[in-house]
Amino acid sequence: MDSIIKRLIGENTSCDFKEFLERKQFKSWLKSVSAFANGLGGSLFFGVNDDGEVVGLSDIKSDTEFISDKIKNIIDPIPDFELKTYQTEDGKNILELRVLSGSMTPYYFVNSGSRIAFVRMGDESVVANAHQLSGLVLKGRNVTYDSLSTEYTLKEMSFDALAKTYEKQTGSLFQEKLLRSFSLITDKGFLTNAGVLFSDQCPYRHSSLYCTRWTGIHKDDAKDSREYQGNLLLLLDAGEQFVDLHNLKGWVKLPNRRLNTPDYSHRAVFEALVNAFIHRDYSELGSEVHIDIYDDRLVIYSPGGMFDGTLIQDRDLDDVSSKRRNPILADVFAQLDFMEKRGSGLRKIYNETAKLPGFTEAKEPRFRSQATSFYTELLNNNYRNQTNDPVNDPVNDSVNDPVKSFTLLQKDLISLLKETPTMTRPELCERLNVSLATIRRAIAQLKELNIIERIGSDKAGYWKVKPGVDK
């Protein structure tokens, strides 16, 4: 990859490469313009192939004029964009089309009678589904789902659970005026969607929680299955109680005693549930938050992907934006001291899990998202697979001879680290064409097996591979 492209990519949240400018099939790149404007912004680089190699443009002035003209005539409303040219050392020309994140969403591709809004999902620009389009409309109106007014009035609803929780958490008396300051009711006395979700009588069917304890590690027979419906505080408490009921105790052997340890960190589960209720897409009717407990893991599912359209498995937990789909719900939970405002929930889940006795990096929480879903997976800290788990099975021969259990990815990773010990995780992602989350898991597994270790800091250190390990 050319050095100038590496630098330009580093300055962008998202980008696409185009070897040349498609003049007849202009939808192939204009859809990215729509998606970037509807999301966090991004850049298209013309004159660069899919491998990041510069091939150059022959008539950059004409291409610039064509791009500008098409955006102004095809994208509605017209987004803010910039066109910049660059030249490599060998004289090849590159054209960057930088599209800024827009505030007048949705930005549509309009042509031949069609009117389509695109959104960014991972590294692709895809057609916005009904829920995403609804969210873009709200964003363009500068409102969120939880701030929308309903037909319910304060006379029809009570907030005893909220008042009791507030007084317990803050030590202060709950007064009715707080409902307005929390934006749970409007100036005209109508409840907002957030107000309905916190009310004692919450009638929303999609404000539900499904909990299941499965037999084994797959969805087969259910040992325990329960459904809860009601306000968010009731659901949060019900979720905690269900997990506590099935949160068994194991033990870790210490030099002079045995230390009892739960399968899951109570606080990590609490943080994960709060995260699910706050960030879920409540406009997606017919879908609920789920807790699924298996022998080896606990999975919390929440409707709605990342609010900014990215995939959490491709993000660094310390670099996740604090953009919130439901800011009113988040603010109320923050007032109750159930969460922090600075968007550190996922890191908190990791840190709380890491406090469990006997915790290893192989047991770190996993997060993954899709366009309409978010999953938090907590691994059972006491689970030991009795069949074919080289990390967790203490009697498996592969623990004594871990080379036998190496995956192809692990072998490639070892080879790269032996070749270039100073290689960073992002560089490994690029070389191996996998996500950062995948690299982290592979490194954690190899460190657990004492195959590799990190010497020094992340910035100035290097990787050391165990002597005698074959590539």
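Which residue in β7 does Y108 stand opposite? In β7, that residue is A117. Helices and strands here are DSSP runs, numbered from the N terminus, with at least four residues of H or I for a helix and at least two of E for a strand.

A word on the source. This is a predicted model, in which local features need pLDDT of at least 70 and side-chain atom pairs count only at pLDDT 80 or more, while totals for chains, interfaces and linings use all residues. Residues are numbered from 1 along each chain as its sequence is written, and side-chain values use heavy atoms, with hydrogens and water left out.

Back to the strands. β6 and β7 (residues 114-121) run antiparallel and are joined by four bridges. Two strands pair if DSSP finds at least two bridges between them. The open sheet has four strands, ordered β3-β6-β7-β8, with antiparallel pairing. Its edge strands, β3 and β8 (124-127), each pair on one side only.

Next, the helices on this sheet. α2 lies across β3, β6, β7 and β8, at about 65 degrees to β7. α4 (residues 130-140) lies across β6, β7 and β8, at about 95 degrees to β7. Axes are lines fitted to C-alpha atoms, for helices over the stretch in contact, and angles run from 0 to 180 degrees between N-to-C directions.

Now α3, residues 60-74. This helix has 15 residues and reaches 21 Å from first C-alpha to last, close to the 21 Å expected; the expected span is 1.5 Å times one less than the number of residues. Its buried residues include D63, F66 and K70. Buried means under 20% relative accessible area, exposed over 50%, and partly exposed in between, with a 1.4 Å probe and protein chains only. Among the elements these residues pack against are α2 (27-38) and β4 (81-87). Contact means heavy atoms within 4.5 Å.

Further along, α9 (residues 266-279) and α10 (residues 327-335) pack at about 145 degrees, axes 8 Å apart. V274, F277 and I278 of α9 meet L329, A330 and F333 of α10.

Last, the cores. A nonpolar core is a set of buried Ala, Val, Leu, Ile, Met, Phe, Trp, Tyr and Cys residues joined through side-chain atoms within 4.5 Å. The largest has 65 residues, and L162 and F198 have the most contacts inside it. α9 gives this core its largest share, nine residues. A second, separate core of 25 residues includes V33, F36, I75 and F109.
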